Amino acid sequence: MYATNYHRASSVADAVKLQSSSDEAKYVSGGMTLIPTMKQRLAAPSDLVDLRHVAELKGISVDGNRVRIGAGTTHYEVSTSAELKAVCPAICHLASHIGDPHVRHMGTIGGSIANNDPAADYPSAMLALGATIVTDRREISAGDFFTGLFETALEDGEIVTAVTFEAPAKAGYSKFPNPASRYAMAGVFVAKGADGSVRVAVTGAGSDGVFRHEGMERALAANWSPEAVAGVSVDAGGLLSDIHGSAEYRANLVKVMAKRAVAAA
Amino acid sequence: MAKVAMTVNGRKVSRECEDRTLLVHFLRDQLALTGTHVGCDTSQCGACVVHMDGKAVKSCSILAAQAAGSEILTIEGLAAGGDLHPVQAAFKANHGLQCGFCTPGMVMTAVDMINRYGAKLDEKTVRENLEGNICRCTGYHNIVKAILAAAEEMGAAGRQAAE
């Protein structure tokens, strides 16, 4: 790891100030991607601004159907939240399968979505739940937030502070983890909103990151069942192809994961 | 360089170190607590697992500076005096190790999952919770057996204490 300067932020305002005092500063939340990346010298921020001790970024609140998860909430906290389980068990299930227990104790929802790894789990949930990403300066719909591989709508120095969404009537998540890395080779989050609208979001498979599949959304809106997905064709164009699996293989995985997600919902 | 202070195995410690120093190197090189191992150095193998404020974490993927002010428990802090911790004793009784390199991380992970699940721990849950710990010798069977035996014993001890 190259040398870096560590700063611990006490509030969001403090973090923004610390970040802006250097050209090459990065925020670190749980650090479960950033620290390993720095160890490989693939990232070399001159300064690290630690958000883990910022109280205003923590916590889960459920008010009727309105869910708010603070960006600093760990995967472990999401996976074990009784409040969340009562209104959206699918997101608890998703969080309980990220990485391993040690990673889940550190990694946070804000860190995961701000990083937007194409194989990360949370972006699919945000997209399918029609979530709003709240930052220190504005609110961004999930559809506008994820803009490509490791790319988001975040501006320099902008901090994700929370995510909010309406609890869905039904939702499910299923992923096929790479047998070695355990990252999703295809993960599908399906959600049926209280108004009946259906969203299907796919992670791990797209060559441009997380995306929605409108064909499956139409099929599920007409008939919410695994069989409805079976008749939809998933185009291999635009899907990742690598040593772990061809685009055609992933296209099939997307369909199978979608069926399982609906069955689990 | 900055002064990093934390509590390790109940003892307050403070050392000068570079901001890029990893927690595992702080423990091994600065405090000479070499029970915590570096296996893969890429956050996969779990040989470096310690508890930070009561939760199992990978000390190779956390800066010492991030851990400043926290309570750290390492494998050296488990045994009470000359008596092995029940999880350590169960690993010994069940042959839960061969070369022993992964064992400190396995034991710390086991203690963490027993703390979280207690007597509800079953084989499937143990295997799921070993996702972040790699052992190249045992094939895991005896590790799983050891953890289940320890969970049962700790549950029984807890029940006795409560009565």
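Which domains does the domain assignment of chain B give? Domain 1 (2-77) and domain 2 (86-162); the bounds come from an automatic or database domain assignment.

This is a predicted model, in which local features need pLDDT of at least 70, side-chain atom pairs count only at pLDDT 80 or more, and totals for chains, interfaces and linings use all residues. Residues are numbered from 1 along each chain as its sequence is written, chains are lettered from A and ligands numbered from 1 in the order in which they are written.

**View 1. The two domains of chain B.** The C-alpha centres of domain 1 and domain 2 of chain B lie 22 Å apart. Contact joins 15 residues of domain 1 of chain B to 11 residues of domain 2 of chain B (contact: C-beta atoms, placed from the backbone, within 7 Å). On the domain 1 side, strand 3 (49-52) and strand 4 (55-58) of chain B each supply at least two residues. Strand 3 of chain B gives the most, with three residues. Strands (E, at least two residues) and helices (H or I, at least four) are DSSP runs, numbered from the N terminus.

**View 2. Chain B against chain A.** Here 20 residues of chain B are in contact with 18 residues of chain A. Strand 4 and helix 2 (64-67) of chain B are the elements giving two or more residues to the chain B side. Strand 4 of chain B gives the most, with four residues. The model scores ipTM 0.95 and pTM 0.95.

**View 3. An open sheet in chain A.** Four strands of chain A line up in the order 11-12-13-14, with antiparallel pairing (strands pair if DSSP finds at least two bridges between them). Strand 11 (170-177) and strand 14 (211-212) of chain A stand at the edges with a single partner strand each, so one side of each is left without a neighbour in the sheet. Two bridges join strand 13 (residues 198-203) of chain A to strand 14 of chain A. A:Ala201 stands opposite A:Arg212 in strand 14 of chain A.

**View 4. Helices on the sheet.** Helix 10 (residues 214-222) of chain A packs on the sheet, touching strand 12 (184-192), strand 13 and strand 14 of chain A. Its direction makes about 145 degrees with that of strand 13 of chain A. Helix 12 (residues 247-264) of chain A touches strand 11, strand 12 and strand 13 of chain A. The direction of helix 12 of chain A makes about 40 degrees with that of strand 12 of chain A. Axes are lines fitted to C-alpha atoms, for helices over the stretch in contact, and angles run from 0 to 180 degrees between N-to-C directions.

Terms used:
Two residues are in contact if their C-beta atoms, placed from the backbone, lie within 7 Å.
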